[in-house]
Amino acid sequence: MIRVESLHRHFGGFRAVDGASLTIKTGSITGLVGPNGAGKTTLFNVIAGALPPTSGRVLMEGEDITGLAPHQLFHKGLLRTFQIAHEFSSMSCRENLMMVPGGQTGEGLWASWFQRGRIAQEEAALLKKADEVLDFLTISHLKDEKAGNLSGGQKKLLELGRTMMVEARIVFLDEVGAGVNRTLLNTIGDAILRLNRERGYTFCMIEHDMEFIGRLCDPVIVMAEGRVLAEGSVEEIKANEAVIEAYLGT
Ligand code: ADP
C-alpha cells in the first residue's frame, strides 16, 4: 500500500531520516520500532504530509504522494493519529466524532437557509454513524461525556473512532499505547485488530510496548539512525544482533 523510497529528512546538517526505504503491505499491521531519536516520528511526519522530505519518494498504491498536504492524504484515506490525542475538549465524544467528515451541506450559510431538510438528514446520518462507532469501540456510555474529561487511553480510543467516521484505508498510529493502562490497552488492541480484520484497515504504528507489538504487529520494522535496520516478526527482530546492539547503544 505504501512504499517509501530512499527518504531523507535533514534538519540543518542533521540527518533525522537518512535514506529510509520500506514497504507497508496492504492489510498488514506493521510495527515501527527503534531507539529514541531513530527518526520514526520524522518519517511519520513526512509520510503524513506534515513535513516535506529533503529527498526521496512516498508512493501509495504506486501513486506518488510525496509532499501532499494532510487534507489531500485524508481524501485518499491516509490518516494519522498523534501521540497526544487532538480532541476538542469542551465537546462531547459524540460531537467530536460528528465533526470529522467535514464538507456537510450545512456548512454553507446560504445552504443552511435553503436546504434545511437535507441538513437534518445528514445530521441524523452522522449521529447514527457516531453512535455506531462509539458502540464498536465499547465506549457508548461515554457518548455525552466531554472529551476533555476522558482518560488518556479513552482519548486514544476516541481518536481511533475519528478514523472510522471517514473511509480510512491506512492509519498511522503514533504511540497509541503510551501511558495507557493494561485494560484499556487491550480494548485499543481489540479495536485495532477488528478494524484490520473486519474493515480492511492497514495500520502502521510506532510503538514501544513489546507485548502490545507482539499481539498486533506483523511485520515489525526496526529503525536506527534514520534508516531501516531490520524487518521481521517480533521473534525475529528480538533475536537480531544488530537490533539488540542498536537498543543497547542508546
Ligand atoms: P524517534 O521518533 O525515533 O524518537 P524523531 O524522528 O523524533 O525520532 O527524531 C529523530 C532525530 O531528529 C532526533 O535526534 C531529533 O532531535 C531530531 N529532530 C526531530 N525533529 C527535529 C526538528 N524539527 N529540528 C531539529 N531536529 C529534529
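Guide: Helix α1 provides three residues of the shell around the ligand, the largest share. Helices (H or I, at least four residues) and strands (E, at least two) are DSSP runs, numbered from the N terminus. The model is a predicted one, in which local features need pLDDT of at least 70, side-chain atom pairs count only at pLDDT 80 or more, and totals for chains, interfaces and linings use all residues. Residue numbers start from 1 along each chain as its sequence is written.

The residues surrounding the ligand include Lys40, Thr41 and Thr42, together with Gly34, Asn36, Gly37, Ala38 and Gly39. Phe11, Phe14 and Ala16 also belong to this shell. A residue is near a molecule or strand if its C-beta atom, placed from the backbone, lies within 6 Å of it. Strand β2, like α1, supplies at least two residues of the shell.

The helix itself is mostly covered, since eight of its eight residues are buried. A residue is buried if 20 or more other C-beta atoms lie within 10 Å of its own, exposed if 12 or fewer, and partly exposed in between, with C-beta atoms placed from the backbone. The buried residues of α1 are Lys40, Thr41, Thr42, Leu43, Phe44, Asn45, Val46 and Ile47. Just after the helix, Gly49 adopts a positive phi of about 85°.

Four strands form an open sheet in the order β2-β1-β4-β5, with antiparallel pairing. Its edges are β2 (14-24) and β5 (63-64); each has a single partner strand, so one side of each is left without a neighbour in the sheet. Helix α1 (residues 40-47) packs on this sheet and touches β1 (2-11), β2 and β4, its direction making about 115° with that of β1. Such axes are lines fitted to C-alpha atoms, for helices over the stretch in contact, and the angles run from 0 to 180 degrees between N-to-C directions. Strand β4 (residues 55-60) is joined to β5 by two bridges in the antiparallel sense. Strands count as paired if DSSP finds at least two bridges between them. Met60 has Glu63 as its bridge partner in β5.

Ile47 and Met205 touch the most other members of the largest nonpolar core, which has 64 residues. This core lies between domain 1 (2-87 + 166-248) and domain 2 (93-149), because both give residues to it. The domain bounds come from an automatic or database domain assignment. A nonpolar core is a set of buried Ala, Val, Leu, Ile, Met, Phe, Trp, Tyr and Cys residues joined through C-beta atoms within 7 Å. In soluble globular proteins, nonpolar side chains tend to be buried together. Apart from residues up to four places away in sequence, Ile47 touches Ile2, Val4, Val58 and Phe172. Contact here requires C-beta atoms, placed from the backbone, within 7 Å.

Phe172 brings strand β7 into view. Ile170, Phe172 and Asp174 point one way from β7, whereas Val171 and Leu173 point the other way. Five of the five residues of β7 (residues 170-174) are buried, so this strand is largely enclosed by the rest of the structure. Strand β6 (residues 78-80) runs parallel to β7 and is joined to it by three bridges. β7 also pairs with β8 (residues 202-206) in the parallel sense, over five bridges.

Key: Two residues are in contact if their C-beta atoms, placed from the backbone, lie within 7 Å.
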